[in-house]
Amino acid sequence: MKNAIIYLLNDTDEDKKTFVDSFDLLYKNYLKENPCDVVCFHEPNFCEKEKDFLKNKYKDAGIILQEIVFDLPDYTEEIKSKILEYSPHPEKLWRDRGHKGFPMGYRHMCNFFAGGFINLKCLDKYKYIWRLDTDSFILEKINYNVFERMDSSNSLYGYINIQHDHIDAVKDLWETCENYFTKENKVFKSKDLHFRRVFYSNFEIFKMSWFKSKPYQDFYNYINSTGGIYINRWGDHAIRYLGLNSLEDKSKFLFFHD
């Protein structure tokens, strides 16, 4: 099977500029010697002129532009009534500075990377997916094939760092996961060890067969059904961290320490 890198593009001048910088570095420091498909998801309103520019600039670099439509899941009216236009920023400092909060698009992105992209037909042919953000910059040459390293170590997830999210950004997430795993008669992980921890998601690699499997799909679908991604702005990195660490042993996660 093939492997691919994926991006999610935003139709803003800043985002388009950082993507060009990101892709130029990716090509120079990895793709040139390790070619693979690069699938760039974008919403229908993405500028046609910009699409033509990207196709022409990267026509020999395996870039694929893929339209994606984001819709709010089919929630009950009770859940919908709790979803605000902007989810307040968890940091009081930013709120005091006039930060409006996280718009619906941001929360669609969280849902997309938490599990929404996993079963897209356009990704069926790929064994591993390497996710980068438009502001992910590969600053030095990678002297090996990251997909081969994942495969040779039989890893199901690759990451570069573990961090802590703000306590208000994971409101009710721990309890929701605990309810799910109790219902499934599975032991949930220690809160002292795992509360607020997240995988740094600007560089992460997924073994698609595992993320398509019933254990992760059931977990993601349950989390998604609660509306917490849209109500509380639960990040995909927090959801993925708790799902992976509850369903698998950490020996299956590959730490790209270099």
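Two strands are said to pair if DSSP finds at least two bridges between them. Helices (H or I, at least four residues) and strands (E, at least two) are DSSP runs, numbered from the N terminus. The structure is a predicted model, in which local features need pLDDT of at least 70 and side-chain atom pairs count only at pLDDT 80 or more, while totals for chains, interfaces and linings use all residues. Residues are numbered from 1 along each chain as its sequence is written, and side-chain values use heavy atoms, with hydrogens and water left out.

**Strand β6 and its partners**

- In β10, Phe206 is the bridge partner of Ile129.
- Strand β10 (residues 203–207) pairs with β6 in the antiparallel sense, over five bridges.
- Strand β1 (residues 2–8) pairs with β6 in the parallel sense, over four bridges.
- Ile129 of β6 also has Ala4 standing opposite.
- Strand β6 (residues 126–132) is largely enclosed by the rest of the structure, because six of its seven residues are buried. Buried means under 20% relative accessible area, exposed over 50%, and partly exposed in between (1.4 Å probe, protein chains only).

**Packing of helices α5 and α10**

- The axes of helix α5 (residues 104–116) and helix α10 (residues 214–225) come within 10 Å and cross at roughly 155 degrees. Axes are lines fitted to C-alpha atoms, for helices over the stretch in contact, and angles run from 0 to 180 degrees between N-to-C directions.
- The crossing angle makes α5 roughly antiparallel to α10 (under 35 degrees counts as roughly parallel, over 145 as roughly antiparallel, 65 to 115 as roughly perpendicular and the rest as oblique).
- Asn111, Ala114, Gly115 and Gly116 of α5 meet Tyr216, Tyr220 and Asn224 of α10 in this contact (heavy atoms within 4.5 Å).

**Aromatic pairs**

- The whole structure holds 33 aromatic pairs. Rings of Phe, Tyr and Trp (its six-membered ring) pair if their centres lie within 6.5 Å; planes under 30 degrees apart count as stacked, over 60 as edge-to-face and the rest as tilted.
- Tyr75 and Tyr230 form an edge-to-face pair, with 6.1 Å centre to centre and 70 degrees between the planes.
- Tyr75 lies in the loop between β3 (63–67) and α3 (77–80) and Tyr230 in helix α11 (residues 228–231), so this pair ties together parts that are 155 residues apart in sequence.
- Both Tyr75 and Tyr230 are buried.
- Tyr157 and Phe199 form a tilted pair, at 4.7 Å centre to centre and 50 degrees between the planes.
- Tyr157 is in strand β7 (residues 157–159) and Phe199 in strand β9 (residues 197–199), 42 residues apart.
- Tyr157 is buried, with a relative accessible area of 0%, and Phe199 counts as buried at 1%.
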